[in-house]
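Student: I would like to go through a structure with you. Could we begin with the space inside?

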Amino acid sequence: MQSDPHELNFSKIKTYRECPLAYKLKYVEGKREGLVPASSLGVSIHRALEDYHRCSNDPSELLAYYDDAWLGAGYANAGEQMEWYLKGKKMMEVYAQREYERKTTVDSTEREFIFQEGEWTIRGKIDRIDKHPDGSWEVIDYKTGTDVDVDTQVTDSLQLGIYSVGARRAWHMEKGQATFHFVAFDKTVSAPFDSFDEQKIMDIFIETGKKIVAEEFPPNTTQCINCPFKNRCDQAVLPPEETAE
């Protein structure tokens, strides 16, 4: 089923900006992205943390939630699955220790915001929302991969930017901060809501949305090597060793 082109979220915008043709394959033609070990582990960790924060206040129970949430798909064999399971288990053990020191209250998990901007509907789903003792808010996005820049300039992040805009417009959270939690590195980076350039963020969303509505879907072959559709796209340009598979 084709996605509504006037309904925008960060994932759509990110996909289109990386490769418009990949956007078409995913959101117009409805092709699914296959799971690989890193993405499968990410799903398991997100599910575990969602269930834990919704149902428990006891960090000692976190590994049980991890086991219950474990997704065995996307691995080549049992050995590879165990290798990634142990990576995730270590992340959860470190996360549990951090939980004993947490001063905030978890208000909600996987909470969706929605607001209108002219003809556009802007949506987003945030992994976790905390309330601080001083009454301010914190919207948190988990990053479970190891191929990330933990020293990223937060205010340059379109993802955290639209989350901060959504928190203010949809939920009227005027005072707060947006945070990346790099679970694999036990590190967080944050920036206040008002440090993001709201006009620039909305301009990017709307200009990208206009291209989507106009059905401008040229390939960006510089992204082929990392594209989940690379073996199903007739425009893919791959190295010889990739093409030979």
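Tutor: The 14 residues lining the largest cavity comprise ten nonpolar, three polar and one charged. Here Ala, Val, Leu, Ile, Met, Phe, Trp, Tyr, Cys and Pro count as nonpolar, Asp, Glu, Lys and Arg as charged, and the others, Gly among them, as polar. The model is predicted: local features need pLDDT of at least 70, side-chain atom pairs count only at pLDDT 80 or more, and totals for chains, interfaces and linings use all residues. Residues are numbered from 1 along each chain as its sequence is written, and side-chain values use heavy atoms, leaving out hydrogens and water.

Student: What counts as a cavity, and which residues lie nearest the centre of the largest one?

Tutor: On a 1 Å grid over the protein atoms alone, a cavity is a set of points where a 1.4 Å probe fits but cannot get out; lining residues have an atom within 4 Å of a point. Nearest the centre are Cys19, Asn220, Cys224, Cys227 and Cys233.

Student: How much space lies in it?

Tutor: The largest cavity holds about 80 Å³, a volume being the space filled by probe spheres set on the points, which are joined across faces, edges and corners.

Student: New topic: at what angle do the axes of H1 and H7 cross?

Tutor: The axes of helix H1 (residues 10-18) and helix H7 (residues 198-213) cross at roughly 65 degrees and come within 10 Å. Helices are DSSP runs (H or I, at least four residues), numbered from the N terminus. Axes are lines fitted to C-alpha atoms over the stretch in contact, with angles from 0 to 180 degrees between N-to-C directions. H1 is therefore roughly perpendicular to H7, a term for angles of 65 to 115 degrees.

Student: Which residues meet there?

Tutor: Phe10, Ile13, Tyr16 and Arg17 in H1 meet Ile204, Phe205, Thr208, Lys211 and Ile212 in H7, where contact means heavy atoms within 4.5 Å. These residues divide into six nonpolar, one polar and two charged.

Terms used
Helices (H or I, at least four residues) and strands (E, at least two) are DSSP runs, numbered from the N terminus. Angles under 35 degrees count as roughly parallel, over 145 as roughly antiparallel, 65 to 115 as roughly perpendicular and the rest as oblique. On a 1 Å grid over the protein atoms alone, a cavity is a set of points where a 1.4 Å probe fits but cannot get out, and a pocket is an open set with protein on both sides within 12 Å along at least five of seven lines; lining residues have an atom within 4 Å of a point.
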